[in-house]
Amino acid sequence: MNLSRFMAGLARGLAIIGGLALVAITVITVVSITGRGLTAFGLRPVPGDFELVEAGTAFAVFAFLPWCQLTRGHATVDVFTSFLSPAINRVIDLVAELLMTAVIVLIALQLWRGMWDKIRYQETTFILQFPVWWGFAAAMAAACVAVVISIYVLIVRVQEVRTGRTILGPGQGAVH
């Protein structure tokens, strides 16, 4: 298995897990709202539903980031760049990739620091009393995968500029 297929599989697999997390929090939300609406029939909302939704959503956002990075799924505005040569666009892509990698690394580091603060202060959620750092850890793990994928894509962009040919073609967010 080559590195490109491994990275695509890793990003795709994490995105699928993120999708399953969104399905789970959607079910929790529906069950909780139904429980609130039917209390007259003995049903109740899911205790701590908002805590679960918050942690699940944080994980899901970071679980989708590697796939978005790999497939160029970020929003782009190419009104100006569409008139430029492919070589110039490859350089622009490289600079954008470098900036995005720096941001993703910064976010992962901040999640790491935040997680350790939550561990140190033993902060827990209000209703369920589960440690807040669990949500940070899940999001940070996904963010670390995003760092790996982003560095991989950055290396590919450097190769594209050096060779003058596109290796990772246009994705969902860009057409050059």
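Reader: What does Cys144 count as, judged by its relative accessibility?
Author: Buried means under 20% relative accessible area, exposed means over 50%, and partly exposed lies in between (1.4 Å probe, protein chains only). Cys144 has 38% relative accessibility, so this residue counts as partly exposed.

Reader: What kind of model is this, and what pLDDT do local features need?
Author: Residues are numbered from 1 along each chain as its sequence is written, and side-chain values use heavy atoms, with hydrogens and water left out. The model is predicted: totals for chains, interfaces and linings use all residues, side-chain atom pairs count only at pLDDT 80 or more, and local features need pLDDT of at least 70.

Reader: How many disulfides does a search of the whole structure find?
Author: A disulfide is a pair of cysteine sulfur atoms within 2.5 Å. Cys68 is in none. The sulfur of Cys144 is too far from the closest cysteine sulfur, that of Cys68, for a bond. The number of disulfides found is zero.

Reader: How far from Cys68 is the nearest cysteine sulfur?
Author: Cys68 itself is partly exposed, at 21% relative accessibility. The nearest cysteine sulfur belongs to Cys144, and the distance is 18 Å.

Reader: Which residues does Phe62 contact, leaving aside neighbours within four places in sequence?
Author: Contact means heavy atoms within 4.5 Å. With those neighbours set aside, the partners of Phe62 are Leu14, Ile107, Leu111, Ala139, Ala142 and Ala143.

Reader: Which residue's backbone oxygen lies 3.0 Å from a polar atom of the Asn89 side chain?
Author: Asn89 lies in helix α3 (residues 86-121). The residue is buried, because its relative accessible area is 5%. At 3.0 Å from a polar atom of its side chain lies the backbone oxygen of Thr81.

Reader: How far apart in space are Leu52 and Leu154, C-alpha to C-alpha?
Author: Leu52 is in helix α2 and is partly exposed, with a relative accessible area of 29%. Its contacts beyond four places in sequence are Ile25, Ile28, Leu128 and Phe130. Leu154 is 102 residues away in sequence, and the C-alpha distance is 34 Å.

Methods. Helices (H or I, at least four residues) and strands (E, at least two) are DSSP runs, numbered from the N terminus. A polar contact is a pair of N or O atoms within 3.5 Å; within protein, one must be able to donate a hydrogen and the other to accept it, and residues adjacent in sequence count only if both atoms are side-chain atoms.
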